[in-house]
Amino acid sequence: MNMFLQIAIAVLCLFIVWRIYKTLQANPELLSKENVSKSFTTMGFLALILIGFVALLVFMLKH
């Protein structure tokens with residue numbers, strides 16, 4: 001990678017980190033125990049659906 005691209009990526013990463021910090025500072029309830037628990041439950045459910053879908057595709061390819 002050339003130097004300009006590395007600097008651009010570094011600036012972009014710093015901007016994203018700054019925006020996350022400002023968002024969490026404005027809404028501290030985003031990382032509350034209830035919200036994190038709900039998010040993990042939802043992501044777990046979606047992961048199980050994705051695993052089932054991929055398994056179904058593999059079985060369809062075998063037959």
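This is a predicted model: local features need pLDDT of at least 70, side-chain atom pairs count only at pLDDT 80 or more; totals for chains, interfaces and linings use all residues.

**Chat about the chain**

Me: OK, and what's the secondary structure of the chain?
Reply: It comes to 2 helices and 0 strands. The radius of gyration is 20 Å, well over the 11 Å the globule rule gives for 63 residues, so the chain is more spread out than a compact globule.

Me: What does the C-alpha trace span along its principal axes?
Reply: About 50 × 40 × 10 Å.

Me: And what percentage of the residues is buried?
Reply: Buried residues make up 0% of the 63 in the chain.

Me: Switching topic: how many aromatic pairs does the structure hold?
Reply: There is 1 aromatic pair. The rings belong to F15 and W18, with centres 6.1 Å apart and planes at 40 degrees, so the pair counts as tilted.

Me: Why tilted, at that angle?
Reply: Because stacked needs planes under 30 degrees apart and edge-to-face needs over 60, with the rest called tilted. The F15 and W18 planes sit at 40 degrees.

Me: How are F15 and W18 placed along helix α1?
Reply: They are 3 residues apart in α1, which runs over residues 3–26, and that separates them by about one helical turn.

Me: What's the relative accessibility of F15 and of W18?
Reply: F15 has 47% and counts as partly exposed. W18 has 45% and is also classed as partly exposed.

Me: Which residues form the nonpolar patch on the surface?
Reply: L12, F15, I16, W18, I20, L24, L30 and L31. Together they have about 780 Å² of accessible area.

Me: Where does L30 lie?
Reply: In the loop between α1 and α2, with α2 covering 33–62. L30 has 42% relative accessibility, which makes it partly exposed.

Me: What about S32, where does that one lie?
Reply: S32 is in the loop between α1 and α2 too. Its relative accessible area is 26%, so S32 is partly exposed. From S32 to G44 is 12 residues in sequence and 18 Å in space, C-alpha to C-alpha.

Me: On to N35: which residues does it touch, not counting those up to four places away in sequence?
Reply: N35 touches E29 and L30. N35 itself lies in helix α2, while L30 is in the loop.

Me: How far apart are N35 and I16?
Reply: Their C-alpha atoms are 22 Å apart in space, and the two residues are 19 apart in sequence. I16 is one of the patch residues. N35 has a relative accessible area of 30% and is partly exposed.

Me: Last one, F45: where is it, and is it buried or exposed?
Reply: F45 is in helix α2. At 55% relative accessibility, F45 counts as exposed. The cut-off for that class is over 50%.

Me: And what separates the C-alpha atoms of F45 and R19?
Reply: 29 Å, with the two residues 26 apart along the chain.

Notes:
Residues are numbered from 1 along each chain as its sequence is written. Side-chain values use heavy atoms; hydrogens and water are left out. Helices (H or I, at least four residues) and strands (E, at least two) are DSSP runs, numbered from the N terminus. The radius of gyration is taken over C-alpha atoms; the globule rule is 2.2 Å times the number of residues to the power 0.38. Buried means under 20% relative accessible area, exposed over 50%, partly exposed in between (1.4 Å probe, protein chains only). Rings of Phe, Tyr and Trp (its six-membered ring) pair if their centres lie within 6.5 Å; planes under 30 degrees apart count as stacked, over 60 as edge-to-face and the rest as tilted. Patches are made of residues with over 30% relative accessible area and no salt bridge: like charges are joined within 9 Å, nonpolar side chains (Val, Leu, Ile, Met, Phe, Trp, Tyr) within 5 Å. Accessible areas come from the Shrake-Rupley method with a 1.4 Å probe; for residues, only the protein chains shown count as cover. A salt bridge is a side-chain nitrogen of Lys or Arg within 4 Å of a carboxyl oxygen of Asp or Glu. Contact means heavy atoms within 4.5 Å.
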